[in-house]
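The sequence and model are shown first.

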Amino acid sequence: MAQTIAPVVPAAPRPDPGVAELLQSVVDTARAIFGAQASSIMLLDAAADELIFEAVSGQGQEFLVGRRFPAGRGIAGWVAASGEPMVVDDLHDSVSFDRDIAESTGYVPNALMAAPLIRRDRVLGVLEVLDPSPQARSGLPELDLLGLFARQAAVALHVLTAYAPRPAPGAPDDPSRIELLRLLSEARRLLGE
């Protein structure tokens with residue numbers, strides 16, 4: 001089911017610490033849930049027509065954050081443009097897979113799952129899970145699970161960036177934001193991270 005996706009406000013150059021922690025929690029959790037080698041979130045910078053690695057877990061986490069690539073390329077680009085999730089079990093046979101982009105990241109996966117981060121009619125970015133375990137990518141229920149997880153991440157990201165009050169410099173953080181960060185830390189602890 002295709003949908004029309006409206007353009008999004010450009011991604012901020014570097015998210016604040018709360019957003020960074022939220023995104024890192026999402027990729028760490030997705031990697032654990034799907035038994036993957038790596039997971040990443042790329043946010044859409046509509047003005048530059050680029051996807052930006054904002055959080056990475058596993059392969060490439062040391063150097064990929066902040067890296068940009070054209071939004072119209074690869075499977076992540078297709079997912080961002082279409083607003084539809086995708087699973088590819090064998091990337092060697094996929095015409096959508098952009099091997100040049102993968103090689104430039106230092107990690108070329110054999111399989112991947114990707115889902116758009118959508119808030120209302122806007123694509124905020126893409127959640128990718130690279131080389132998930134074969135059982136984790138075996139069918140539509142798993143793809144639905146990734147899509148639900150990406151949708152929850154998009155809503156949380158939207159709330160944190162759009163509605164969370166910003167404290168004045170030097171002022172203590174807002175209590176609701178502190179609670180959100182505490183819950184994210186607790187989720188990581190429960191996953192054994």
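Is Asp45 buried or exposed? In this predicted model, Asp45 has a relative accessible area of 7%, and because that is under 20%, Asp45 counts as buried.

## Salt bridges found

A search of the whole structure gives three salt bridges. Side chains of opposite charge can pair when their charged atoms come close.

Asp45 pairs with Arg68, with 3.0 Å between the closest N and O atoms. The two residues are 23 apart in the chain and link distant parts of it: Asp45 belongs to strand β1 (residues 38-45) and Arg68 to strand β3 (residues 68-70). Arg68 is partly exposed, at 37% relative accessible area.

Arg68 also forms a salt bridge with Glu50, where the closest N and O atoms are 2.6 Å apart. Glu50 lies in strand β2 (residues 50-58) and Arg68 in strand β3, so this pair ties together parts 18 residues apart in sequence. Glu50 is partly exposed, with a relative accessibility of 22%.

## Arg73 and Asp98

The side chains of Arg73 and Asp98 form a salt bridge with an N to O distance of 2.7 Å. Arg73 sits in the loop between β3 and α2 (74-82), and Asp98 in the loop between β4 (86-88) and α3 (99-105), so the pair connects parts that are 25 residues apart in sequence.

Arg73 is partly exposed, at 34% relative accessible area, whereas Asp98 counts as buried at 16%.

Note on methods: Residues are numbered from 1 along each chain as its sequence is written. This is a predicted model: local features need pLDDT of at least 70, side-chain atom pairs count only at pLDDT 80 or more; totals for chains, interfaces and linings use all residues. Side-chain values use heavy atoms; hydrogens and water are left out. A salt bridge is a side-chain nitrogen of Lys or Arg within 4 Å of a carboxyl oxygen of Asp or Glu. Helices (H or I, at least four residues) and strands (E, at least two) are DSSP runs, numbered from the N terminus. Buried means under 20% relative accessible area, exposed over 50%, partly exposed in between (1.4 Å probe, protein chains only).
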